[in-house]
Amino acid sequence: MSIPAAEPLPTAADSDTPGNHVIDRLVAANSVYADTFTDPGMGAAPVLRVAVVACMDARLDLHEALGLELGDCHTIRNAGGVVTDDIIRSLTISQRALGTRSVALIHHTGCGLLDLTEDFRYELEAEVGQRPAWAVEAFRDLDQDVRQSIQRVRTSPFLPHRDDVRGFVFDVHTGLLREVLPR
Ligand SMILES: [Zn+2]
């Protein structure tokens, strides 16, 4: 199904209007996308054999920022771009089942996790009556957290490819990556 070309997509400003919800906007945009989409016929294994682990931050457009095309890489994202057990789960599948060999880790300036502490879990407990089992993974020092993430990948027994692992901080104001070298 497609919407008529003349019908404008709802804007972000409209998204809190009753009956004009943001997810409707996404679905409408998808309809336009599918109209011109052609199946590239590629397999699921990423062409560049790389997995990019990054923060979920809305200002970080990984494909644009890294010159990536459809099918090039796995993008694995969470709050902070922190290497958690679930990121290791995805990387393990990425490497063992889908052939990736390299891992790029991307944190960024102005990350929301710089403003949080593990107290967040206790604040949640006070509010809802239970403390989450997961760590917030808040950090004070971006570079150190990138180094920790590199270390978590390099020491994971589940990953067969741990040599080509590099970490970066993306500057949300300049669009530039800065590499963080492991100590
Ligand atoms: Zn972030």
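1. The largest nonpolar core of this predicted model comprises 31 residues, and those with the most contacts inside it are Val52, Val53, Val103, Leu105 and Ile106. A nonpolar core here is a set of buried Ala, Val, Leu, Ile, Met, Phe, Trp, Tyr and Cys residues joined through C-beta atoms within 7 Å, and a residue is buried if 20 or more other C-beta atoms, placed from the backbone, lie within 10 Å of its own.

2. At least two residues of this core come from each of S1 (50–55), S2 (73–78), H3 (85–96), S3 (102–108), H5 (142–154) and S4 (165–170), with S1 giving the most, 5 residues. Helices (H or I, at least four residues) and strands (E, at least two) are DSSP runs, numbered from the N terminus.

3. Leaving aside neighbours within four places in sequence, Val103 is in contact (C-beta atoms, placed from the backbone, within 7 Å) with Ala51, Val53, Leu91, Val153 and Val165.

4. An unreviewed UniProt entry lists Cys55, Asp57, His108 and Cys111 under "binding site"; these residues, although spread over 57 residues of sequence, cluster in space, the largest C-alpha distance being 8.4 Å. Such annotations may be inferred rather than shown by experiment, and the positions follow the numbering used here.

5. Asp57 lies in the loop between S1 and helix H2 (62–66), and counts as buried because 21 other C-beta atoms lie within 10 Å. Beyond four places in sequence, Asp57 is in contact with His108 and Cys111.

6. Cys111 sits in the loop between S3 and helix H4 (119–128) and is buried, with 24 C-beta neighbours inside 10 Å. Not counting residues up to four places away in sequence, Cys111 touches Cys55, Asp57 and Gly80.

7. Residues are numbered from 1 along each chain as its sequence is written. Local features need pLDDT of at least 70 and side-chain atom pairs count only at pLDDT 80 or more, whereas totals for chains, interfaces and linings use all residues.

Definitions and conventions
A residue is buried if 20 or more other C-beta atoms lie within 10 Å of its own, exposed if 12 or fewer, and partly exposed in between; C-beta atoms are placed from the backbone. Two residues are in contact if their C-beta atoms, placed from the backbone, lie within 7 Å.
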